[in-house]
Amino acid sequence: MVDVDTTVCPNCNGELKYYDSVRRIVRTKYGRVDYIVMRRMKCCECHSLHREIPDAIFPYKHYEKEIIIGVVEGLITYNTLGFEDYPSELTMKRWIKTIDISHSAQS
C-alpha cells in the first residue's frame, strides 16, 4: 500500500501509473458499513501493484481510523454507546496490543 498521490514504487523506485480501482469496505459508528474506492497503481519497472491508502483508514483494517485510535487511546470501549455491536471486545484488545498510533494521531 502507498499513500495517496505517491508516484514512486516503494519496491524499486519505478514510476507508478494508474491501473484500476477496487471497492473497500469501511465500518463506522453505529454498525454502519460504507464503501470507498481505492485506486490501484502499477509500477512501470517491476510491474507490482500497490493500492493507495486514504488517510481515513489504516492498512489492512476494515474500521475507520477514528474508531481504532479511540479504542487504542481508551476513549472507546465495548460498553460505549454506538459501538455495542462493532468492533468486538477481542478486536479492540488486539488493536491495543498491536497498533502504534503515535505517527497517526496527528492525521
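Visitor: How many helices and strands does the chain have?

Guide: The chain holds two helices and four strands, where helices (H or I, at least four residues) and strands (E, at least two) are DSSP runs numbered from the N terminus. This is a predicted model, in which local features need pLDDT of at least 70 and side-chain atom pairs count only at pLDDT 80 or more, while totals for chains, interfaces and linings use all residues. Residues are numbered from 1 along each chain as its sequence is written, and side-chain values use heavy atoms, with hydrogens and water left out.

Visitor: In what order do the elements of the chain run from the N terminus on?

Guide: The order is β-β-β-β-α-α.

Visitor: Which strands form the open sheet, and in what order?

Guide: In general, strands of a sheet pair through backbone hydrogen bonds, either parallel or antiparallel. Two strands are counted as paired if DSSP finds at least two bridges between them. Here four strands form an open sheet in the order β1-β4-β3-β2, and the pairing is mixed. The edge strands, each pairing on one side only, are β1 (2-3) and β2. Between β2 and β3 (residues 33-43) the pairing is antiparallel and runs over eleven bridges, and Val26 stands opposite Asp34 in β3.

Visitor: Which residues make up the largest nonpolar core?

Guide: In soluble globular proteins, nonpolar side chains tend to be buried together. A nonpolar core is a set of buried Ala, Val, Leu, Ile, Met, Phe, Trp, Tyr and Cys residues joined through side-chain atoms within 4.5 Å, and buried means under 20% relative accessible area, with a 1.4 Å probe and protein chains only. In this model the largest such core has ten residues, namely Phe58, Tyr63, Ile67, Ile68, Ile69, Val71, Ile76, Met92, Trp95 and Ile99. At least two residues of this core come from each of α1 (65-72) and α2 (89-98), and α1 gives the most, with four residues.

Visitor: Is α1 mostly covered or mostly open, and which of its residues are buried?

Guide: α1 is mostly covered, since six of its eight residues are buried, and these are Lys65, Ile67, Ile68, Ile69, Gly70 and Val71. The buried residues of α1 pack against β2 (16-27) and α2. After α1 comes Gly74, whose phi is positive, near 85°.

Visitor: What share of the whole chain is buried?

Guide: Buried residues make up 35% of the 107 residues in the chain. As for contacts, meaning heavy atoms within 4.5 Å, residues 24 or more positions apart account for 50% of those with a separation of 6 or more.

Key:
Buried means under 20% relative accessible area, exposed over 50%, partly exposed in between (1.4 Å probe, protein chains only).
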